[in-house]
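Here are a few notes on the model, jotted down as I went through it. Have the structure open while you read.

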Amino acid sequence: RSFSFCVAMPKMIASLRRFGAASLQDQWQHFVGHCGNWHGTWQRYAVDAAGALLPEQRFRAACNPELAPNQRSVHHVNRYELGVPAPPGVPPDRLRIRDGVQEADFGTFDATNFRQPFGPASRAVYLTDSAVIASSSLRGDSPMIAAEFIAVAVGQDSPCAGEGARQRRRLVATWRKDSELETASLSTVTCISECEERRGVALQVEPSCAQKARHTAVGSNSGTLEVLSMWQNSRTVAGIDGTLLKKEKLQGTQVPLPDHTMEAGLCAWLPLALPLGHGRDLEIGMGWAVSDTTFVRVAAQYSDGEFARVVHERLVRDLNPGSDC
């Protein structure tokens with residue numbers, strides 16, 4: 001019988017000790033911490049010629065990875081409303097209708113492949129409250145480049161019902177390569193707002209990407225991101241193997257204006273065109289205005305076209321009465 005990741009976490013971590021590498025154990029532990037039974041709303045966007053996001057489909061879905069009885073692997077199945085087009089990359093034999101919903105079977109993950117969930121040309125980096133899964137190189141043979149950004153919030157910042165309830169935001173983007181121009185054009189964007197189901201009871205909150213969020217002004221293109229330059233920033237930088245490269249506290253950070261703003265408190269740094277040539281450094285990412293006083297930013301940094309680092313920033317407003325923030 002399968003059961004929740006959260007319940008099984010200690011046993012899973014203990015079983016990983018035989019794999020040897022400390023970094024692998026650490027990454028698995030973070031991976032397990034992100035897993036669970038997540039229910040929420042997905043909003044898919046197309047991209048027009050000017051780079052604007054055009055809402056296409058909005059639907060309910062569940063993300064349900066489960067631990068195998070031998071505790072050595074994870075079986076990941078997503079469940080979507082009927083009528084929703086199947087996600088790309090899922091073979092027809094892994095799609096089925098069950099109990100009135102459409103299931104997409106993403107297969108099994110273990111210590112050999114959980115850091116390459118999009119396939120061998122991808123790499124995942126898991127941190128405590130965030131994760132990035134992205135193409136390992138901009139110059140690979142794949143016709144597409146993909147990236148997923150994940151951020152988690154707990155406690156009173158979360159609108160999900162129940163004490164200690166977790167919510168999260170995910171942003172998935174794809175770019176289609178044009179070999180003649182040596183660029184990749186932004187093709188699709190999906191915004192996902194989820195609450196975690198705990199103790200077998202679904203939380204009765206629908207944090208929709210399509211509904212207006214109370215804090216989206218923090219992520220607007222009107223210059224309000226300048227406000228964040230006065231907030232306290234806890235910044236973590238990790239390598240693509242999860243190794244901690246830097247952890248620091250900063251007073252003031254220059255957060256660049258995003259390429260896109262969305263509802264549900266999200267903004268995104270997703271260029272319309274990614275350069276594919278050598279010697280190019282760039283950063284793509286997601287920002288989330290969790291509350292009036294908290295803004296989280298998760299980004300992937302590419303160096304010379306290769307996925308090199310992950311940056312997690314948690315900016316907190318100083319509530320000191322003497323502050324001008």
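Which residue's side chain meets arginine 168 in a salt bridge? Glutamate 194 does, at 2.6 Å from N to O.

Before the points, some ground rules: this is a predicted model, so local features need pLDDT of at least 70, side-chain atom pairs count only at pLDDT 80 or more, and totals for chains, interfaces and linings use all residues. Residues are numbered from 1 along each chain as its sequence is written, and side-chain values use heavy atoms, with hydrogens and water left out.

1. **Strands 9 and 10.** A salt bridge here is a side-chain nitrogen of Lys or Arg within 4 Å of a carboxyl oxygen of Asp or Glu. The arginine 168–glutamate 194 pair links distant parts of the chain, with arginine 168 in strand 9 and glutamate 194 in strand 10, 26 residues apart. Strands are DSSP runs of E, at least two residues long, and helices are runs of H or I, at least four, both numbered from the N terminus. Arginine 168 and glutamate 194 are both buried (under 20% relative accessible area; exposed is over 50%, partly exposed in between, with a 1.4 Å probe and protein chains only).

2. **Strands 8 and 9.** Have a look at arginine 170 too: its salt bridge with glutamate 148 has the closest N and O atoms 2.9 Å apart. Arginine 170 sits in strand 9 (residues 166–178) and glutamate 148 in strand 8 (residues 144–154), so the pair ties together parts 22 residues apart in sequence. Both residues are buried.

3. **Strands 11 and 12.** Glutamate 248 and arginine 235 form a salt bridge as well, at 3.5 Å from N to O. Glutamate 248 is in strand 12 and arginine 235 in strand 11, so this pair ties together parts 13 residues apart in sequence. Glutamate 248 counts as partly exposed because its relative accessibility is 27%, while arginine 235, at 19%, counts as buried. Salt bridges with shared partners join Arg235, Glu248, Glu283, Arg297 and Glu313 into one network. The structure holds 12 salt bridges.

4. **Proline 120.** This one is in the loop between strand 5 (101–109) and strand 6 (122–126). Proline 120 counts as exposed because its relative accessibility is 73%. Its C-alpha atom is separated by 8.6 Å from that of serine 136, 16 residues apart along the chain.

5. **Serine 193.** Back in strand 10 (residues 183–197), you'll find serine 193. Serine 193 is buried, with a relative accessible area of 0%.
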